[in-house]
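Hi,

Here is the structure I said I would pass on to you. Have a look at it first, and then read my notes below.

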Amino acid sequence: MCRYNCSCEEPEPSEPWGATCGKMNENGLFYELHSNETLAQYGEFPWVVYIFTPNEATSSGSIVCGGTLIHPLLVLTAAHNVHGKSNLIARFGEWDTGTDKERFPHQDISVFNIIIHPQYVRNPIQNDLAFLVLKTKVEYRQHIQPICLPQPDAVFDGQRCISNGWGSAKGEYAKIMKKLTLPVIPRAKCQRMLRFAGLGPFYQLREGFMCAGGERNVDTCKGDGGAPLACQQQDGNFVLAGIVSWGIGCGGDNIPGVYTSINNYVGWINQTISEYDFD
């Protein structure tokens with residue numbers, strides 16, 4: 001019997017697991033939630049990673065941040081969330097942190113190494129990007145799949161993209177993965193909005209960042225750092241457009257969230273994969 005308002009028919013895989021990147025499981029797997037459009041369906045976004053530290057009180061540990069699966073050994077996240085941290089565990093296939101009774105098992109893999117972008121600066125924040133190197137390879141399954149990287153010249157302005165995570169909502173961390181649909185805001189407009197939001201008339205949005213959101217009560221928040229902003233392409237697959245970096249409060253009207261813009265870093269990402277021989 002299902003715990004959720006759900007359909008209990010196990011889905012038939014349409015193609016071999018791991019054959020593509022950026023392929024969502026439309027409408028989810030197995031369960032089907034009808035009550036809230038701000039919640040992801042089970043397995044709907046299989047690249048989203050839950051990063052935590054062990055905690056004896058709960059099997060889901062203490063949340064550190066979100067992340068994105070791009071390679072069997074690599075997760076991308078925000079540098080400010082993991083710089084100087086240790087004892088991190090990446091959980092793949094997570095959906096409801098309040099239970100271990102989901103249809104397909106998650107995979108917990110220890111983080112073996114953290115590679116911070118060499119030009120990362122904490123204050124004022126710049127180049128907010130890091131690799132989490134896994135101790136062992138994650139095994140791709142129907143609910144655990146990588147996302148694609150964007151082209152370096154990709155432009156997402158005006159597109160509505162999706163961010164997921166377990167960050168706070170109404171003061172408490174979410175148990176079921178959130179699904180936020182946010183408009184990508186052109187850089188010049190975002191800079192004006194941030195100036196009016198309190199950063200002053202001379203504020204300059206630094207290179208390597210992009211903006212999304214600005215709609216009341218629809219925003220990433222505490223605990224969502226490092227989580228993906230995924231944009232769908234014409235072929236139906238998703239690319240990693242951004243990673244949650246920083247913001248002014250949560251969910252303010254005309255106050256967008258700021259994301260590390262991944263297309264600015266595709267060269268560094270590919271160079272790092274090559275240099276460390278992760279292929």
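Cys161 is buried, and so is Cys231; buried means under 20% relative accessible area, exposed means over 50%, and partly exposed is in between (1.4 Å probe, protein chains only). These two cysteines form a disulfide, with their sulfur atoms 2.0 Å apart. A disulfide here is a pair of cysteine sulfur atoms within 2.5 Å. Cys161 sits in strand β7 and Cys231 in strand β12 (residues 228-232), so the pair ties together parts that are 70 residues apart in sequence. Helices (H or I, at least four residues) and strands (E, at least two) are DSSP runs, numbered from the N terminus. The torsion about the S-S bond of Cys161 and Cys231 is about 105 degrees, so this disulfide is right-handed.

Before you go further, keep in mind that this is a predicted model: local features need pLDDT of at least 70, side-chain atom pairs count only at pLDDT 80 or more, and totals for chains, interfaces and linings use all residues. Residues are numbered from 1 along each chain as its sequence is written, and side-chain values use heavy atoms, with hydrogens and water left out.

Back to the cysteines. How many disulfides does a search of the whole structure find? It finds three.

Another one joins Cys190 and Cys211, whose sulfur atoms are 1.8 Å apart. With a torsion of about -65 degrees about its S-S bond, the Cys190 and Cys211 disulfide is left-handed. It links distant parts of the chain, as Cys190 is in helix α2 (residues 187-199) and Cys211 in strand β11, 21 residues apart. Cys190 has 0% relative accessibility and counts as buried, and Cys211 is buried too, at 1%.

Then there is the disulfide from Cys21 to Cys148 (S to S 2.0 Å). Its torsion is about 100 degrees, so the disulfide is right-handed. Cys21 lies in the segment before β1 and Cys148 in the loop between β6 and β7 (160-165), so the pair ties together parts that are 127 residues apart in sequence. Is Cys21 buried or partly exposed? Cys21 is partly exposed, with a relative accessible area of 28%, whereas Cys148 is buried at 11%.

Now for the strands. Strands of a sheet pair through backbone hydrogen bonds, either parallel or antiparallel. Two strands count as paired if DSSP finds at least two bridges between them.

Six strands close into a barrel in the order β1-β2-β3-β6-β5-β4, with antiparallel pairing. Neighbouring strands of this sheet are turned by 45 degrees against each other on average, direction ignored. Helix α3 (residues 266-275) packs on that sheet, touching β2 (58-71), β3 (74-77), β5 (107-116) and β6 (130-134), and its direction makes about 30 degrees with that of β6. Contact means heavy atoms within 4.5 Å; axes are lines fitted to C-alpha atoms, for helices over the stretch in contact, and angles run from 0 to 180 degrees between N-to-C directions. Strand β1 (residues 48-55) and strand β4 (residues 89-92) run antiparallel and are joined by four bridges. One detail to look up there: Phe52 has Ile89 in β4 as its bridge partner.

Six strands also close into a barrel in the order β7-β10-β11-β14-β13-β12, again with antiparallel pairing. Strand β10 (residues 178-185) pairs with strand β11 (residues 209-213) in the antiparallel sense over two bridges, and Val184 stands opposite Ala212 in β11.

Cheers
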